[in-house]
Amino acid sequence: MNKIQHILTSFSMENTAILVLSVLLLFACKGEDRSHEYESLTAHNTWMFGVMKDKYLFGDNIQEQDYKKYFQTSTNFFKTLVSSASTTDSWSYILVDSAATDPHVRNSFNHLDSYGIDFRVVTDPTKTTSRSMARITYIVDESPAADAGLSRNTFISFVDGTRITSSNASKYLVNGTNHKIIFHHIDTLETGEYVWTDTIEVDLSPSEKVVEPAFPVSTVVQYKGTKVAYLMSTRLVPYPDEEVSYGTVFEDDLKSKMQIIISENPKDFILDLRLCNYGTIDMAQLLASYIVPTAKKEEVFLKTIWNSRYAENNRIYFYDKAVQSLELSRIYVIMSGNTQGAAEWLIRALQQTLGTENVITIGENSMGQSMMTQFVVAGYGHKLYPSVCHVTDASNNTSYSSITVNKSVNENATNNWLEMKDFGNPSELLFSTALSLIFDE
């Protein structure tokens, strides 16, 4: 066969194959429109694309996606849109739409289905074994864990006869059914060695929705002849549920506690935000307005910058002149890696108004959230929480990162086994550190 005959033969074979395939496809599809099948497989992400183009802070940057991406899961498609529109947004998120899905989980604690504790898995501090235990770092009053007698700085060793490990702690201690648990308290001998003072076996009731107070502790202590106020906030919100208004129960509680503190006329104030991982601008503004001097309330608290479709929401917030002030020129703020969002915006505003040198931060660096996320809509079994606006301080800074501490203290360090006392106790590690800074000890 010469070269020309070979080319003609190859051409004929290829065209024959194409013809056969075309006929088969014609018969397979004749009279049947299957495009609706593709629509049903991509409807969830088509919907999400429209929502994000409209509501997302960087919605203007979202471009039409390759059709293959619309077949992704909702979670992956959401991440695709965020990453394609912004390289600076690490705050937007998506959740399964469930009554038991808490949008503001903090470490191992959630509000909607919980035993009411947070914990860290540690190695036996007595060093008599190398076994793991769950050290309780936080507990909500009237929760299943509190009712069982657990408290901050107790150590759980067994659940239902099974020894606690780093791999099973979350399985047993976050949420679930009733358990029989064994826990211990710790102390030291005169030699400095750590020892267990007891072994207690109790029943732990099933997990439930836990109402965590937004301002669980407030007190005014007398220290070296001087009154020092202390207030703790776990979240800066006016009411428990962010999606459905339940009134102003937390806002009223804050106002009541602050009036009591003001009536005591303290000379210094310690604000504990180590657990404060979300909140609203209005509540942050309210709390800050109790702190700054009246003469400073003409200054800007913070600003918001929304996308082009919601530019009417852009706002400049000032301090509330109607709120009575402590008239403080200096404040001590306790932080941790959980300190996020509204708590950070409050701290940054105080730094601008009082001067960074007069906002003394203690503990661990904060998260660095420069954007406000917001629940915008639910659909197709998911809830969307995109970043909807920049939150800036008075200097219009939109690209700030975490707040660094002036005094670094890690309450979870292994040399602080006895220092994890109840919040509001002047002997508690971070509270006592703040006192030592106030009095230059």
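Phe250, Glu251, Leu254, Lys255, Met258, Gln259 and Ile262 of helix α6 meet Met283, Leu286, Leu287 and Tyr290 of helix α7, where contact means heavy atoms within 4.5 Å. The residues of this contact divide into 8 nonpolar, 1 polar and 2 charged. Here Ala, Val, Leu, Ile, Met, Phe, Trp, Tyr, Cys and Pro count as nonpolar, Asp, Glu, Lys and Arg as charged, and the others, Gly among them, as polar.

Before going on, please note that this is a predicted model, in which local features need pLDDT of at least 70, side-chain atom pairs count only at pLDDT 80 or more, and totals for chains, interfaces and linings use all residues. Residues are numbered from 1 along each chain as its sequence is written, and side-chain values use heavy atoms, with hydrogens and water left out.

**The helix pair**

Two packed helices are described by the angle between their axes and the distance between the axes. For α6 (residues 249–264) and α7 (residues 281–291), the angle is about 5 degrees and the axes are 11 Å apart. The two helices are therefore roughly parallel to each other; angles under 35 degrees count as roughly parallel, over 145 as roughly antiparallel, 65 to 115 as roughly perpendicular and the rest as oblique. Axes are lines fitted to C-alpha atoms, for helices over the stretch in contact, and angles run from 0 to 180 degrees between N-to-C directions. Helices (H or I, at least four residues) and strands (E, at least two) are DSSP runs, numbered from the N terminus.

**The sheet beside it**

Helix α6 also lies across β10, β11 and β12, running at about 170 degrees to β11. These strands belong to an open, mixed sheet of 6 strands, ordered β10-β11-β12-β15-β16-β21; two strands pair if DSSP finds at least two bridges between them. At the edges stand β10 (217–223) and β21 (407–408), each with a single partner strand, so one side of each is left without a neighbour in the sheet. Strands β11 (residues 226–232) and β12 (residues 268–272) run parallel and are joined by 5 bridges. Met232 stands opposite Asp272 in β12.

Helix α9 (residues 429–438) is mostly covered, with 8 of its 10 residues buried. Buried means under 20% relative accessible area, exposed over 50%, and partly exposed in between (1.4 Å probe, protein chains only). The cover over the buried residues of α9 includes β10, β11, β12, β15 (331–335), β16 (359–363) and β21.

**Residues to look up**

Thr234 sits in the loop between β11 and α6, and Ile347 is in helix α8 (residues 342–354). Leaving aside neighbours within four places in sequence, the contacts of Thr234 include Arg106, Tyr138 and Asn277. The side chain of Thr234 also reaches the backbone oxygen of Pro213 at 2.8 Å. With neighbours within four places again left aside, Ile347 is in contact with Leu273, Val333, Met335, Thr339, Val359 and Ile403. Ile347 and Val333 are 14 residues apart in sequence and 8.0 Å apart in space, C-alpha to C-alpha.

Lys224 lies in the loop between β10 and β11, while Asn396 is found in the loop between β20 (387–392) and β21. Most residues other than glycine have a negative phi. Lys224 has a positive phi near 55 degrees, and Asn396 has a positive phi of about 65 degrees.

| Residue | Relative accessibility | Class |
|---|---|---|
| Thr234 | 0% | buried |
| Ile347 | 0% | buried |
| Lys224 | 58% | exposed |
| Asn396 | 42% | partly exposed |

Definitions and conventions. A polar contact is a pair of N or O atoms within 3.5 Å; within protein, one must be able to donate a hydrogen and the other to accept it, and residues adjacent in sequence count only if both atoms are side-chain atoms.
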